[in-house]
Amino acid sequence: MGSKKLFNVTNSSDVEYFTQLPFQGDEVFNINNEVIDDSDDEENNIIETEILHSDTQSDSDSELDEVNFAGYNFSGKDDTKWGKFVPPTARKRMPHNIIRKLPGPVGPSKGINTVLGSWMHFFSEEIINMIVSCTNLYIQNIQSNYSRERDVMTTSIEIKAFFGLLYLAGLLKSGRQSLEDLWSTDGIGVELFISTMSLRRFKLLYRCCRFDDKSTREERRKIDKLAPIRELFDLFVNKCKACYSVSQNVTVDEKLESFRGKCSFRQYIPSKPNKYGIKIFALVDSKLFYTLNLEVYVRKQPKGRFDLSNSSTDLVLRLAKPIYGTGRNVTEDNWFTNLELIEKLKNQKLSFVGTVRKNKRQIPPIFLNVKERAVYSSMFGFNKTATLVSYVPKKGKNVLLLSSMHFNDKIDQRTRELHKPEMMSYYNATKSGVDTVDQLCAIYNCARNTRRWPMVIFFSLMNIAAINGMVVFVGNKNALANRREYLKTLVHSLTAEYLQRRGQIKSLPIHLQQKLKKYNPVPGNERSAEELDSTRKTCRPCYLECKRRRLTKVKELYSKTLDDLLSKKQSMNNDPINIGEEIVRMMKKACRKTYGNSANSPPSQPYWWNSHIEQVRLDTIRLRRRALRTNRRRIADNTEGNAVWQIYKDARKILTKEIAKKKKTKWRKLCCDLEEDIWGDGYKIAIQFLKPGRNPFELTTERKLEIAKHLFPNGLGFIPPKVFPVMVPPFTDEDLRTAAKKLKNAASPGPDGLTTEAVKFSVESHPEM
């Protein structure tokens, strides 16, 4: 990845680059700028610009009051006065335009250098333990449906792995894909899903995931419609407020989380892509897309502490409460904008920029009349609270904006012939915070289809936690390539501990144990060298050294074996019989140590086997497993189990009859074939019983004649050929080497168990033997 570079959230060029970070592909995130001061001192976290004197807020306000607005030229329908000319510029910046705290991680999130650590600041152990506790409470109600203890009662480690798989589905953009496809073993599925947990377990956790105690829910619903997820939601929002200080501009807008199920506060917004869903208001950093505050719109709440006003002014004030007194600017659309809100935000040292609906009574009628105005023209109005501008983008249409941050009529020269006011360019640059977060959530959305609206809100919090965690991670000057890499690391971190624990289960299938070792090898769980030697079919030393199937290290093994053989040869007084037996014995031992015993190879099929019997056998095994599963359910009336067992017994009888029938047919065919070819299948079957290792048996002469007469009732029918002795010329060492080289490697060993490699290495090292 190269050398790590630092990210400075107070530097404008860094912020612009970070704005594009979530949308980057494989580009490396590389910025090298000055490092911000990490000091926790209060005075180091204060910025005040363009202030000539250290006057108090009251002095600044009094100076603003002295600005001459006597020449009012416009009036709204409610007599709101607006001046036509730009007021004299104050010597000091307004208090609500002074940035007082540095943007970046604060409090417990400072110094985080791991992806999991940045995410855990939002889904802390407190939240995870609460989810585990509530989920287990629900599982207890359905525990009687499961006989195995491991099918019930989850833990925090398993819940983290469950979250990791949800993030993985979103990362692969498979949030709406069938779970059966994700766990499929036919090549379509994803290996990490299969390795982490079974499909049945994932479905159980997904079904039972809860965020409150169901036994007390109805009592809490009397004062709160959001009772099923209120505690989790408040804990998460408090974590968002405590972990980060946003940059200069924030955006307030609504998100619509897709949901078409049953919910008393489901909304229909035709302008949104989802149209139906749960509306969530959010306050988001306009540049870094950090979500600072959230509020779910639940319409009118019952009387109680959650019965709050849903007016746009009160809603914005509640969302902006974490940034009171920090000099930030709030950007909103026309649903929120009014002069009362601007005045209240100014009292909290916050500025405002936003569009205005044309039905507001504070707007002078002349600002709405665009018939006689030229295209790309602007009309300004000024008063003590804000600046109003009416801009004509095309004939017969105008756009209205209000700002308590701008008190001038400057035109943005970068817009060229469009002649847009600076207020409009500023609004366009800061209006898309919530919309961008919504877009980022949709790219890697971890939400799945559900009929429970609390799960919809929970999925939204998970998506926001991944984005906020990335902002905190980068804000702590950690290098990052892109958002996809952050999510991949997060998935592996959440599932690692559970994978390690699952890898210690000895009853798992072998192929699953091998996958678990690949993802997270368990220390101390490796097999010994002797165990590997007894099962490995290739040269183990070479394979471990270079991961290639070479046999060079076998030479060392045979060299040592034959050296021992030579020393024993001298002590045997050159007895040829003893030397031959020792050679075979030692080479067999070397072959077994290197290649493993041939006993581990799969057994050959019997002579009467065919595809029909194989299919009948598989059907019988399947019925037996079904019967065993039915028997474990502990049902009082086991009528179903008895019926399944009877079906299995009938299938087993059919299999037995089919095997007996095939044996009888095959035996008749073998007897008929002996008349034509005595060296055919009958001979091969008989030879199988005469191989080394079979139990020896003795036949008397009378028994041999009886067998011969039974096999050949018409007599032998042939005269054995005469055998004449042939003189074989003696061979040299060179002839021996030439013949050994012609042997093919990896060939099956003969009845003595010696491989071709063993013969070749023996000839090469000790040809005189």
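Mentor: A salt bridge here is a side-chain nitrogen of Lys or Arg within 4 Å of a carboxyl oxygen of Asp or Glu. The model is predicted, so local features need pLDDT of at least 70 and side-chain atom pairs count only at pLDDT 80 or more, while totals for chains, interfaces and linings use all residues. Residues are numbered from 1 along each chain as its sequence is written, and side-chain values use heavy atoms, with hydrogens and water left out.

Trainee: Which side chain does Lys203 meet in a salt bridge?

Mentor: Helices are DSSP runs of H or I with at least four residues, strands are runs of E with at least two, and both are numbered from the N terminus. Lys203 lies in helix α8 (residues 199–208), and its partner is in helix α6 (residues 179–182), so the pair ties together parts that are 23 residues apart in sequence. The N to O distance is 2.5 Å, and the partner is Glu180.

Trainee: Are Lys203 and Glu180 buried, partly exposed or exposed?

Mentor: Buried means under 20% relative accessible area and exposed means over 50%, with partly exposed in between (1.4 Å probe, protein chains only). Lys203 has a relative accessible area of 35%, and Glu180 has 39% relative accessibility. Lys203 therefore counts as partly exposed, and Glu180 likewise counts as partly exposed.

Trainee: Arg414 forms a salt bridge with Asp412; which partner is exposed?

Mentor: The closest N and O atoms of this pair are 3.2 Å apart. Asp412 is buried because its relative accessibility is 9%.

Trainee: Which cysteines does Tyr290 touch?

Mentor: Contact means heavy atoms within 4.5 Å. Residues up to four places away in sequence are not counted, and the list of contacts includes Phe122, Tyr244 and Val472.

Trainee: How many disulfides does the structure hold?

Mentor: A disulfide is a pair of cysteine sulfur atoms within 2.5 Å. For Cys240, the nearest cysteine sulfur is that of Cys243, 7.3 Å away. For Cys446, the nearest is that of Cys441, 8.4 Å away. The number of disulfides is 0.

Trainee: Which residue of the surface patch with Tyr683 and Ile687 is found in the loop between α23 and α24?

Mentor: Patches are made of residues with over 30% relative accessible area and no salt bridge; like charges are joined within 9 Å, and nonpolar side chains (Val, Leu, Ile, Met, Phe, Trp, Tyr) within 5 Å. This nonpolar patch has about 320 Å² of accessible area together, from the Shrake-Rupley method with a 1.4 Å probe, where for residues only the protein chains shown count as cover. The residue in the loop between α23 (639–676) and α24 (681–688) is Trp679.
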